[in-house]
Amino acid sequence: QALEDQYSPSRWSPRLDRDTIIEAHLTVTAAGTQRARASAQTALHIPYGNGDGERLDIYFPPDPSGTFPVLVYIHGGYWQCLSKEESGFAAPPLVSQGVAVVAVGYDIAPRGHMDAMVLQVRRSLAFLVEQYPRMRGVYLCGHSAGAHLAAMVLSTDWTEYGVVPDIKGVVLVSGVYDLEPILHTYVNEVLNMSGEVAQRNSPIQCVTPAPPAAAACKVLVAVAQHDSPEFRRQSQEYGQALRAAGWSVSMLDLAGVDHFDIIEKLSEESYVLTQV
């Protein structure tokens, strides 16, 4: 029961009760995505594979004729809800600064399982690099379960993919980096992970030594004041593990936000995380 509480982010927000907050999060992110689609030049539902969920949305900067950096956003939803349809809300402030934003879709549970989701996110990056050579640096941003998937990208052996994305930065927001506790909660009822699957897909279990070029890749591990103690512990420990392996890591503990508005506010230009 204690783990159930710790891994139920909606119980920890002082803003709204647990049923209202998830509904509000869906509403805010979906509306933000609609605004982004209306205001930017987009390429929507681009297939990066054959699976139903293997689609990308791209929000281009106003002048995409030269080279430009790209922020790849990986949504949360505990690997079993949300989609790229609610994942474009962060685009407007970044697009206005000349950054392309890509929202990645992947097959959520129960259709998708953990090994497949990790593979899909890796493949989506390989696809982007091959198809859009004008993207001159990749920045990953993942929220919650999406931060877990983004963190798994850091341990990718790219030789299997035939390309090496130039990953300049990774922003991990309120993530889960050790899946073992999830096995003992309601979250795993849909995911149906075994201990073995949880272990091989736990970023903290597969931290690789920072590659030689990793000086160029910065990792930001962000957590909300009103995340649960377990979420906060996981962020702290994963950040320390990366640092110990030679990665360039900074930690950001954001005051006055919870598990949901820590990411929703990326639609605001003045928000500290948008600025970073």
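Here are some questions and answers on how terms apply to this predicted model.

Local features in it need pLDDT of at least 70 and side-chain atom pairs count only at pLDDT 80 or more, while totals for chains, interfaces and linings use all residues. Residues are numbered from 1 along each chain as its sequence is written, and side-chain values use heavy atoms, with hydrogens and water left out.

Q: Why is Cys141 called buried?
A: Buried means under 20% relative accessible area, exposed means over 50%, and partly exposed is in between (1.4 Å probe, protein chains only). Cys141 has a relative accessible area of 3%, so it counts as buried.

Q: What makes Cys206 buried, exposed or partly exposed?
A: Cys206 comes out at 23% relative accessibility, so it goes down as partly exposed.

Q: What makes a set of residues a nonpolar core?
A: The members are buried Ala, Val, Leu, Ile, Met, Phe, Trp, Tyr and Cys residues, joined through side-chain atoms within 4.5 Å. The largest such core here has 60 residues, and Trp79 and Leu172 touch the most other members. Helix H4 (residues 114–131) gives the largest share of this core, 8 residues. There's also a second, separate core of 26 residues, with Ala40, Val101, Leu220 and Ile263 among its members.

Q: Which residues does Leu172 touch, leaving out those up to four places away in sequence?
A: Contact means heavy atoms within 4.5 Å. Leu172 touches Gly142, Ala147, Ala150, Ala151, Tyr177, Val219, Leu220, Val221, Ala222 and Tyr238.

Q: What makes H8 a helix, and how does its reach compare with the expected one?
A: Helices are DSSP runs (H or I, at least four residues), strands are runs of E (at least two), and both are numbered from the N terminus. H8 (residues 229–244) has 16 residues. The expected span is 1.5 Å times one less than the number of residues. H8 reaches 22 Å from its first C-alpha to its last, close to the 22 Å expected.

Q: How do you know that the buried residues of H8 line one face?
A: The buried ones are Glu230, Phe231, Gln234, Ser235, Tyr238, Gly239 and Leu242. Down the axis of H8 they fall within an arc of 165 degrees, so they line one face of the helix. That arc is taken over the directions from the helix axis to the C-beta atoms. These residues pack against helix H1 (2–6), helix H5 (145–153), strand E6 (167–173), strand E7 (218–226) and strand E8 (248–258).

Q: Why do Tyr78 and its positive phi get a mention?
A: Most residues other than glycine have a negative phi. Tyr78 isn't a glycine, yet its phi is positive, about 55 degrees. Tyr78 is in the loop between strand E3 (68–74) and helix H3 (91–95). At 9% relative accessible area, Tyr78 is buried.

Q: What about Asn192, buried or exposed?
A: Asn192 is exposed, at 66% relative accessible area. Asn192 isn't a glycine either, and its phi is positive at about 60 degrees.

Q: What kind of peptide bond joins Ala109 and Pro110?
A: It's a cis peptide bond, with omega about 5 degrees. Most peptide bonds are trans.
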